[in-house]
Amino acid sequence: MGHLPHPVLRVGRPPPLMTTRPPRNPLGRQMLDRKPVQSWLTDMDGVLVHEGQPVPGAPEFVNRLRSSGKPFLVLTNNSIYTPRDLQARLTRMGFEVPEEAIWTAALATAQFLADQRPGGTAYVIGEAGLTTALHAVGYVLTDFAPDYVVLGETRTYSFEAITKAVRLINDGARFICTNPDVTGPSVEGALPAAGSVAAMISKATGVEPYFVGKPNPMMMRSALNTINAHSESTAMIGDRMDTDILCGLEAGLETILVLTGISTRAETERYPYRPSRIVDSVLDLIDEI
């Protein structure tokens with residue numbers, strides 16, 4: 001067997017040091033490559049209006065959206081009102097918002113049920129916003145062996161209606177709630193909302209509801225589908241870290257927190273996630289439209 005040749009030692013400049021490129025960060029890459037905003041979703045209470053009054057600059061922001069021709073929707077977890085009702089309220093406050101540019105948790109809930117069980121039946125605790133949306137998708141409202149118990153907001157929760165809901169769920173009806181908000185805003189202060197009543201029914205039945213509204217990203221996806229928008233080029237503006245920002249984040253949207261509603265800048269540090277950015281109000285966004 002022959003001898004292996006000795007390695008040849010070269011005298012001179014040493015070879016260059018090998019450098020390795022840092023691994024690509026898919027999340028960072030996604031943020032850097034994010035497309036310009038072409039569609040806008042915005043919460044209503046705390047973003048456009050606060051305690052029954054328009055947020056300064058908010059009507060101008062909406063007017064800029066309308067004149068830009070970019071698709072947009074005003075979102076609300078409140079299921080009491082129909083889009084026409086909300087349009088009238090916003091008009092009185094100086095906003096020009098088309099009825100078709102308003103998307104509520106009631107509409108999202110009706111769409112969800114129509115997809116899950118077309119032509120189904122439901123026992124509803126709620127008001128016109130919810131009952132009108134369910135009728136529009138072909139649902140029959142009944143208290144006789146319904147497919148679903150659907151809980152939304154109402155100005156006057158009835159103990160009799162809640163008792164009926166408990167018994168129907170115990171008999172096998174599926175439990176749906178428009179949104180998990182435990183309180184809602186009013187001029188006088190906080191009001192109990194659907195999430196609080198849902199907790200009462202769950203305690204009585206042992207059945208947890210399926211929540212359709214924010215922070216369920218389904219609310220965002222249904223809104224995106226309504227205006228034929230894509231998550232990569234859509235921004236969500238909200239005032240609550242636990243609903244608006246979380247929902248937008250999980251749906252893959254750019255998220256913008258405004259400080260005209262519930263969450264403060266200091267509170268954002270308590271959450272394990274962050275908005276894409278924080279601005280004082282929608283007035284700061286007008287030049288971006």
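**Exercise 1: Asn 179**

Decide whether Asn 179 is buried or exposed. Then place Asn 179 in the chain and list its contacts.

*Solution.*
- Step 1. Asn 179 has a relative accessible area of 0%, so it is buried. Buried means under 20% relative accessible area, exposed means over 50%, and partly exposed lies in between (1.4 Å probe, protein chains only).
- Step 2. This is a predicted model: local features need pLDDT of at least 70, side-chain atom pairs count only at pLDDT 80 or more, and totals for chains, interfaces and linings use all residues. Residues are numbered from 1 along each chain as its sequence is written, and side-chain values use heavy atoms, without hydrogens and water.
- Step 3. Asn 179 sits in the loop between β9 (174–177) and β10 (183–184). Helices (H or I, at least four residues) and strands (E, at least two) are DSSP runs, numbered from the N terminus.
- Step 4. Set aside the neighbours within four places in sequence. Asn 179 then touches Asn 77, Glu 153, Ala 194, Gly 195, Phe 211 and Gly 213. Contact means heavy atoms within 4.5 Å.
- Step 5. Look at Ala 105 too. Asn 179 and Ala 105 are 74 residues apart in sequence, and their C-alpha atoms are 6.8 Å apart in space.

**Exercise 2: The whole chain**

How many helices and strands are there in the protein chain? What percentage of its residues count as buried?

*Solution.*
- Step 1. The protein chain has 9 helices and 15 strands.
- Step 2. It has 289 residues, and 47% of them count as buried.
- Step 3. Take contacts between residues at least 6 apart in sequence. Of these, 67% join residues at least 24 apart.
- Step 4. The chain exposes about 15,800 Å², with carbon and sulfur atoms supplying 55% of that area. Accessible areas come from the Shrake-Rupley method with a 1.4 Å probe; for residues, only the protein chains shown count as cover.

**Exercise 3: α6 against α7**

At what angle do α6 and α7 pack? Which residues make the contact?

*Solution.*
- Step 1. Helix α6 spans residues 159–170 and helix α7 spans residues 194–205. They pack at about 45°, and their axes are 10 Å apart. Axes are lines fitted to C-alpha atoms, for helices over the stretch in contact; angles run from 0 to 180 degrees between N-to-C directions.
- Step 2. The angle makes α6 oblique to α7. Angles under 35 degrees count as roughly parallel, over 145 as roughly antiparallel, 65 to 115 as roughly perpendicular and the rest as oblique.
- Step 3. The crossing of α6 past α7 is right-handed. That label applies if the near helix is turned clockwise from the far one by less than a right angle; anticlockwise is left-handed.
- Step 4. From α6, the contact uses Ile 162, Ala 165, Val 166, Ile 169 and Asn 170. From α7, it uses Val 197, Met 200, Ile 201, Ala 204 and Thr 205.
- Step 5. Sorted by class, these are 8 nonpolar, 2 polar and no charged residues. Ala, Val, Leu, Ile, Met, Phe, Trp, Tyr, Cys and Pro count as nonpolar, Asp, Glu, Lys and Arg as charged, and the others, Gly among them, as polar.

**Exercise 4: α8 and α9**

Describe how α8 meets α9. Then say what covers the buried residues of α9.

*Solution.*
- Step 1. Helix α8 (residues 217–226) packs on helix α9 (residues 241–250) at about 65°, with axes 8 Å apart. The angle makes α8 roughly perpendicular to α9.
- Step 2. α8 crosses α9 in a right-handed way.
- Step 3. Pro 217, Met 219, Met 220 and Arg 221 of α8 meet Asp 244, Cys 247, Gly 248 and Glu 250 of α9. The classes are 4 nonpolar, 1 polar and 3 charged.
- Step 4. In α9, 7 of the 10 residues are buried, so the rest of the structure largely encloses this helix. They are Met 241, Thr 243, Asp 244, Ile 245, Leu 246, Cys 247 and Gly 248.
- Step 5. Their cover includes β1 (39–43), α8, β13 (234–238) and β14 (254–258).
- Step 6. Just after α9, Gly 252 has a positive phi of about 85°.

**Exercise 5: Backbone exceptions**

Which phi values do Glu 51 and Ala 145 have? Where does the cis bond at Pro 215 lie?

*Solution.*
- Step 1. Recall the background. Most residues other than glycine have a negative phi, and most peptide bonds are trans.
- Step 2. Glu 51 is not a glycine, yet its phi is positive, about 50°. Glu 51 lies in the loop between β2 (49–50) and β3 (53–54). Its relative accessibility is 56%, so Glu 51 counts as exposed.
- Step 3. Ala 145, also not a glycine, has a positive phi of about 45°. Ala 145 lies in the loop between β7 (140–141) and β8 (148–151). Its relative accessibility is 58%, so Ala 145 counts as exposed.
- Step 4. The peptide bond from Lys 214 to Pro 215 is cis, with omega near 10°. Pro 215 is in the loop between β12 (210–211) and α8.
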